[in-house]
Amino acid sequence: MNIHEYQAKDILKQYGVAIQRGIVAHSPQEALKAARQLHEETGTNFYVVKAQIHAGGRGKGGGIKLAKSFQDVEELSKQIIGMQLVTPQTGAEGKKVHKVLIAEDAYYPGASKPKEYYISILLDRARSCNVIMASTEGGMDIEEVAEHTPEKIIKEWINPSVGLQQFQARKIAFALGVTGNAFKEMVKFIFSLYQAYIAVDATLFEINPVLKTSDDKIIAVDAKVNLDDNALYRHTALAEMRDIHEEDPLEVEATESGLNYVKLDGNVGCMVNGAGLAMATMDIIKLSGGEPANFLDVGGGANAQTVEAGFRIILKDPNVKAILINIFGGIVRCDRVANGVVEAYKKIGTINIPIIVRLQGTNAEEGAKIIDESGLKVTSAIVLKDAAARVQEALVK
């Protein structure tokens, strides 16, 4: 689950990570109030107005602006709230901005020049352990740094049996070139960040930039946090941070119906029971000349209700030209699934695109017979190769 920057910073603050302070606002009036409050609490005279969406590259799209007065805060908030923000990560359609974060100016004058760094923590699946990545090239797209100057990316793998060690945090701080009090602050920052990452069952912490201020403080100016959906049952407060406005409406509807759904860009909708079978189904769709329009797993207990919900979600995608239902009757019998398909079809009414139902496993032949004798515009198959051929025929028509 993705969360907003202001929510991520709230988590970091709870675990002792120094952050750029800010207040979230849903309107220009709230933004002005937030700026005045920040001025009273921190003494800052400049403010950063930051669009809150689940995507990076906000500054490039005009979603992050510097305000030099209260009037600027109000005017810039009017421009940003409600805009359709397009960034390299949103695609051409962009995302609508519903709120902004009014943050203090952390780049204040001082004895030395501020410096930006990059630090992230994520799971290295190849090594089965967490890795801390850091770079002196903060404030830039890490993908560009990795492509053009990979030697500037520092990696430190953490043994899961002992956790982050003092020498490892010091090693990263040395590699980043910080000295004096900033060195001590960086070591503390890295330890606190790792503690937060583990405590909330995150899959990604990305702080870009990490700022060394002119008086040698180390703070998180931005924060991207991804949480493990499978662990949210242990963190009810974090689960409430979910913002459905930032998610695909069809994916939200699928979650509410107990379905695992991911929208894709293809033309063949697929409905299966089991994640592995879903991947195989997507492969066979491509081999048949189509492109999968979605990943949809109805789970082991496919019935009329789940099939109907799956139908309705797939049919809301205008790009879908055919639907392939691929069910393995292990936990559930194929004749039961077939009855569910027929019942769901009749409830929905007229469906103007071809539907191919491939049933394999317990009572597969009985299930195919139910489909064939239903009188509906549904084609049955038992062998996956036949199902693929029927998908190809449907797309040609």
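## Close-up views of a predicted model

**Figure 1. Asp-335 and its surroundings.** The side chains of Asp-335 and Arg-333 make a polar contact of 3.1 Å. A polar contact is a pair of N or O atoms within 3.5 Å; within protein, one must be able to donate a hydrogen and the other to accept it, and residues adjacent in sequence count only if both atoms are side-chain atoms. The model is predicted, local features need pLDDT of at least 70, side-chain atom pairs count only at pLDDT 80 or more, and totals for chains, interfaces and linings use all residues. Residues are numbered from 1 along each chain as its sequence is written, and side-chain values use heavy atoms, with hydrogens and water left out. Asp-335 also forms a salt bridge with Arg-333, with the closest N and O atoms 3.1 Å apart; a salt bridge is a side-chain nitrogen of Lys or Arg within 4 Å of a carboxyl oxygen of Asp or Glu. Asp-335 lies in helix H11 (residues 334-348). Helices (H or I, at least four residues) and strands (E, at least two) are DSSP runs, numbered from the N terminus. Asp-335 counts as buried because its relative accessibility is 15%, whereas Arg-333, at 41%, counts as partly exposed. Buried means under 20% relative accessible area, exposed over 50%, and partly exposed in between (1.4 Å probe, protein chains only).

Figure 2. Not counting residues up to four places away in sequence, Asp-335 touches Asn-363, Glu-366, Gly-367 and Ile-370; contact means heavy atoms within 4.5 Å. The side chains of Asp-335 and Asn-363 are joined by a polar contact of 3.4 Å. Asn-363 is found in the loop between strand E17 (355-361) and helix H12 (364-372). Its phi is near 60 degrees, a positive value in a residue other than glycine. With a relative accessible area of 26%, Asn-363 is partly exposed. Met-282 is 53 residues from Asp-335 in sequence and 24 Å from Asp-335 in space, C-alpha to C-alpha.

**Figure 3. The salt bridge between Lys-50 and Glu-5.** The side chains of Lys-50 and Glu-5 meet in a salt bridge with an N to O distance of 2.8 Å. This pair links distant parts of the chain, with Lys-50 in strand E2 (residues 47-51) and Glu-5 in helix H1 (residues 5-14), 45 residues apart. Both Lys-50 and Glu-5 are buried. A network of salt bridges links Glu-5, Lys-9, Lys-50, Arg-58 and Asp-222. Side chains of opposite charge can pair when their charged atoms come close.

**Figure 4. The salt bridge between Lys-78 and Glu-75.** In this salt bridge the closest N and O atoms of Lys-78 and Glu-75 are 3.9 Å apart. Lys-78 and Glu-75 are separated by about one helical turn because they are three residues apart in helix H3 (residues 70-80). Lys-78 counts as partly exposed at 45% relative accessibility, and Glu-75 counts as partly exposed at 38%. By the salt-bridge rule, the count comes to 19.

**Figure 5. His-4 before helix H1.** His-4 is placed in the segment before H1. Its relative accessible area is 1%, so His-4 is buried. The side chains of His-4 and Asp-243 are joined by a polar contact of 2.8 Å. Not counting residues up to four places away in sequence, His-4 touches Gln-52, Ile-53, His-54, Lys-99, Asp-243 and Glu-246.

Figure 6. The peptide bond from Asn-208 to Pro-209 is cis, with omega near 10 degrees, and Pro-209 is placed in strand E10 (residues 202-212). Ser-128 is not a glycine, although its phi is positive, about 60 degrees. Ser-128 is placed in the loop between strand E7 (115-124) and strand E8 (129-135), and counts as exposed at 57% relative accessibility. In helix H8 (residues 249-256), Leu-250, Val-252 and Ala-254 are buried. Gly-258 follows H8 and has a positive phi, near 75 degrees.
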